[in-house]
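Thanks for asking me to look this one over. Here are my notes as numbered points, to read beside the model.

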Amino acid sequence: MAIEDFHPFDDAAWLRAQSALVGAGAVAAAAALFGESRGWSSGLRFAMSLAAAIIAGCAVFFGRQLGVFAPPLIAALCLAVPLAPHLFTSNSLRFWTFLHWGAFGAALAFVSVLLFVLGVTAILEMVRYLFDVGIPQRAYEHLYVVACAFVGPLFALGRIPRDLFEEAVIAAPAEDRLSSGLGTLQDWIAAPLALAVALVLHAYAAKIVLTGELPKNQIGWIVGSFALFALTVRVAAHPFLTRGGVATRLFGRIWTATLVLPLLLLAYGLWLRISDQGVTGERYYLGLAAVSAGAIVLAQVFPRLRGDIRLMAAVPVLLLALSAFGPWGVAQTVARSQIDRLLRDYPSLGRDGDKVDALTEERREAARTRLQAIAAVGALPALMPHLGDEDRNAVAGLEEDRQLTVLLDRLGLGYGTPSPQYRSFAGQKPVALDVTGYDTFFTNLGAYASEFSGTVATDAPPQFVTQNGEITLRWQGVTDRFDAAAAVRSLPDVGGASPEAVAPFVADIRTRDGRSLRLFVRSASFDPATLGGVSLSFDLALRRAEWPASASLGGGGQR
């Protein structure tokens, strides 16, 4: 759709749609493999895959409205694909065999995509050079799509065993060089590295006990990475634990013991940081890693679960999926922790007007950090009920990536000089827009204090930036500008009205070079004293004939 310039969504919705397709594809593959492992008919497998894909796709696309934080959910769905056929009717060796061939298929897919792209590109370049034939850029774009969406998946899926419950036979080195190579990798690299890291971490824990010093700030990531590495080595080494080299056999005996003390060290470090600074997304997932690794270690106490690598893979995937939603999820957990601290330290947060300008820079930085932690997990909507009406309306119509910047400015927490007291407008009411006299229309545009982003494609929508009291417009290779104050001078004062009850404001603009524009302003923020600091979100109508370059270049991006 992007190649054919078909844009059914704005940029943010387009990104959500792409993410939803990834999640839907992953869960459809997982459902199909699960159904095949259970002996379901092809019709039932197709129906279950379609239903699962629709549910997962909607959960990702409408994640903000449903309270779902999409990134961990998508990751969990992708990681669940190799687990799906082996959850109930399989064993560890069969799961290892499936992973083994799946990893080989992924490597083969990468090589096949690389060779296909390089080969076809070389052919196209030879045709262009030898025969003076112009090759359009669109041909290369189609090439990349075919390589990534067809060639790569075809080779990867082709390596999935026909028998999902195939068990690898680990033969002597002379009979099976591939298995021999994997065993050598475990004996001489993976297992010795895991044991060496464990030794270093235990020595550091002993230093803490002897000296009484606090764990260093990065100990969480060090221990979390070690736990992930140790579990990965344990899964990969499963068939070699009894017949491998000395390091592999030793690792197979003591891997659970090597995790206990580092996990306690991680828990202690997290407790210190969270008690002082609250929960952030990073600390949440470090805690999740500790809980996951701890649960796997405890499971080794039970003979039925001991050594089951399916459990070692399933526990992190399950916890990752659960972290995407609910009161236990990352978004709500971080929001509760950081909002409580914001309201405790800055009781004026919910009042319009002056707030925290009198704070020391250290406390201002602490407030910024808390707001950034909330925004990082998509939880800014949870903060809105605690803000004043003007502040809430100022960010109501903005994209997520703009909300934090505007909110920091309005709260007096922007970097540099304290920001002025901004006035805001938000009009999101669905109404018919009058475009009489105009023949080209664009939706979801914005003008902010920034710079143009390099070379712009000829079929791209207009770009706007706010500079020195003017809004500069660039489209189809033509640049024009107009007074920023003209777009906001007559904005009505909507008070605390809901944005859904306010219609977009219509501003008819005449540019410096005499072109006519009609802006349908959906949100705005500006300094009412100077009419400066203008930020806008709007739809735009213009007359194509007034942009001479567009007649030869062709239009694109218009709605």
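**Notes on a pocket, a helix and a salt bridge**

1. Let's begin with the second largest pocket, which holds about 1,200 Å³ of space. Please keep in mind that this is a predicted model.

2. Who lines this pocket? The lining of the second largest pocket is made up of 35 residues, and Leu79, Leu228, Leu231, Thr232 and Pro316 are the ones nearest its centre. Two or more lining residues come from each of helix 4 (70-79), helix 5 (92-131), helix 7 (177-211), helix 8 (219-236), helix 10 (281-299) and helix 11 (309-322). Helix 8 gives the largest share, with 9 residues.

3. Why does the second largest pocket lie between domain 1 and domain 2? Because domain 1 (11-158) and domain 2 (177-324) both contribute residues to its lining.

4. Helix 9 is worth a look on your screen. The 32 residues of this helix (246-277) should span 46 Å at 1.5 Å a residue, and the end C-alpha atoms lie 45 Å apart, which agrees. Helix 9 also has a kink of about 60°, centred on isoleucine 254. Just after helix 9 comes glycine 278, with a positive phi of about 85°.

5. Finally, the salt bridges: the count is 15. One of them joins the side chains of glutamate 125 and arginine 128, at 2.9 Å from N to O. Both glutamate 125 and arginine 128 belong to helix 5, where they sit 3 residues apart, about one turn of the helix.

Conventions: Residues are numbered from 1 along each chain as its sequence is written. This is a predicted model: local features need pLDDT of at least 70, side-chain atom pairs count only at pLDDT 80 or more; totals for chains, interfaces and linings use all residues. Side-chain values use heavy atoms; hydrogens and water are left out. Helices (H or I, at least four residues) and strands (E, at least two) are DSSP runs, numbered from the N terminus. The expected span of a helix is 1.5 Å times one less than its number of residues. The bend at a residue is the angle between axes fitted to the seven residues ending there and the seven starting there. On a 1 Å grid over the protein atoms alone, a cavity is a set of points where a 1.4 Å probe fits but cannot get out, and a pocket is an open set with protein on both sides within 12 Å along at least five of seven lines; lining residues have an atom within 4 Å of a point. Grid points are joined across faces, edges and corners, and a volume is the space filled by probe spheres set on the points. Domain bounds come from an automatic or database domain assignment. A salt bridge is a side-chain nitrogen of Lys or Arg within 4 Å of a carboxyl oxygen of Asp or Glu.
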